[in-house]
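Please keep the sequence and the coordinates at hand while reading.

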Amino acid sequence: MSTSKLLILVSIFFLTSIISVVTGSTSLITVPVMIEFGIDPHVAVATNMMALIFMSLGGSLPFARKGLLERHLLPVCIALTLVGSGIGALLLLHVPVRALQLTIAIAMIVVAAFSLTRKDSGTIEHSVSNASRAIGYVATFLLAVYGGFFSGGYVTMLTAAFVVLFGFTFLQSVATTKVINLFSSAIATLIFAWHGVVDYKLGAILGGTMFLGAWIGGHATMRISPVWLRRIFLLAVMGLALRMVFAFLQQ
């Protein structure tokens with residue numbers, strides 16, 4: 001890869017990582033750009049997954065220092081994520097992304113519509129039933145399968161699920177899902193590495209870039225009011241959902 005292309009990639013990954021601390025869906029931008037630059041699709045997905053480890057770590061640190069992580073849910077969610085993401089990574093070479101993308105897009109629209117009907121959704125923490133919590137764990141596992149498979153829209157949907165099903169605020173959800181995505185990306189990267197499709201040099205460069213961007217984005221996120229976090233997130237959800245539906249119809 002030429003120096004100019006690498007610099008463009010670094011710039012895109014840096015800016016995307018700052019913004020996606022709140023919005024998620026990093027891979028919907030980064031993976032297509034990598035493919036456009038001539039990188040094999042499987043290598044692009046795998047190398048991007050390696051970079052996401054660093055981004056998740058950088059994004060988690062500011063929240064962890066402020067005590068915003070919902071630690072009581074982390075052990076179960078991490079265990080479900082490791083299994084689900086491992087399954088998703090193993091399916092990468094055998095299952096088309098197209099149908100999964102449409103499913104995720106429809107689910108994103110439903111969640112956004114549900115959130116709009118509850119004006120306090122994501123702005124204040126609220127209690128949930130045991131049934132809702134159980135559905136939340138199931139959603140965590142199923143989304144982890146998709147996360148290990150491709151990752152585009154994974155954290156966005158997981159953040160929304162935690163708000164709706166676990167009663168988190170958006171800030172709590174953003175903070176907690178960053179940690180979970182660290183494990184999702186790590187297990188998927190290990191499996192991709194086993195298949196020999198990770199570009200380690202490029203992954204290290206982009207990973208360092210995303211670590212810095214996410215660290216900056218994490219600090220910036222904590223300065224945004226809950227109401228504006230909700231607005232930014234819902235706008236991102238609707239925009240990305242429509243983009244995925246449009247991409248599906250174009251194929």
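## Surface and overall make-up

The protein exposes about 11,000 Å², of which carbon and sulfur atoms supply 72%; accessible areas come from the Shrake-Rupley method with a 1.4 Å probe, and for residues only the protein chains shown count as cover. Of its 251 residues, 52% count as buried, where buried means under 20% relative accessible area.

The secondary structure comes to ten helices and zero strands, helices being DSSP runs of H or I with at least four residues and strands being E runs of at least two, numbered from the N terminus. Among contacts (heavy atoms within 4.5 Å) between residues at least 6 apart in sequence, 84% join residues at least 24 apart.

## Basis of the values

Residues are numbered from 1 along each chain as its sequence is written, and side-chain values use heavy atoms, with hydrogens and water left out. Because the model is predicted, local features need pLDDT of at least 70 and side-chain atom pairs count only at pLDDT 80 or more, whereas totals for chains, interfaces and linings use all residues.

## Helix H3 against helix H8

The axes of H3 (residues 41–65) and H8 (residues 170–194) come within 8 Å and cross at roughly 150 degrees; axes are lines fitted to C-alpha atoms, for helices over the stretch in contact, and angles run from 0 to 180 degrees between N-to-C directions. That angle makes H3 roughly antiparallel to H8, a label for angles over 145 degrees.

Residues of H3 including Met 49, Ile 53, Ser 56 and Phe 63 meet residues of H8 including Leu 171, Lys 178, Leu 182 and Phe 192. The residues of this contact of H3 with H8 divide into 16 nonpolar, six polar and one charged, with Ala, Val, Leu, Ile, Met, Phe, Trp, Tyr, Cys and Pro counted as nonpolar, Asp, Glu, Lys and Arg as charged, and the others, Gly among them, as polar.

## Helix H2 against helix H3

H2 (residues 27–36) and H3 pack at an angle of about 135 degrees, with their axes 9 Å apart. That makes H2 oblique to H3. The contact is made by residues including Thr 30, Val 31 and Met 34 of H2 and Ala 44, Asn 48 and Leu 52 of H3, and its residues divide into seven nonpolar, four polar and no charged.

## Lys 178

Is Lys 178 buried or exposed? Lys 178, found in helix H8, counts as buried because its relative accessibility is 2%. Not counting residues up to four places away in sequence, Lys 178 touches Ser 20, Val 21, Ser 56, Gly 59, Ser 60 and Val 155.

Methods:
Parallel < 35°, antiparallel > 145°, perpendicular 65-115°, else oblique. Buried < 20%, exposed > 50% of the residue type's maximum accessible area, 1.4 Å probe, protein only.
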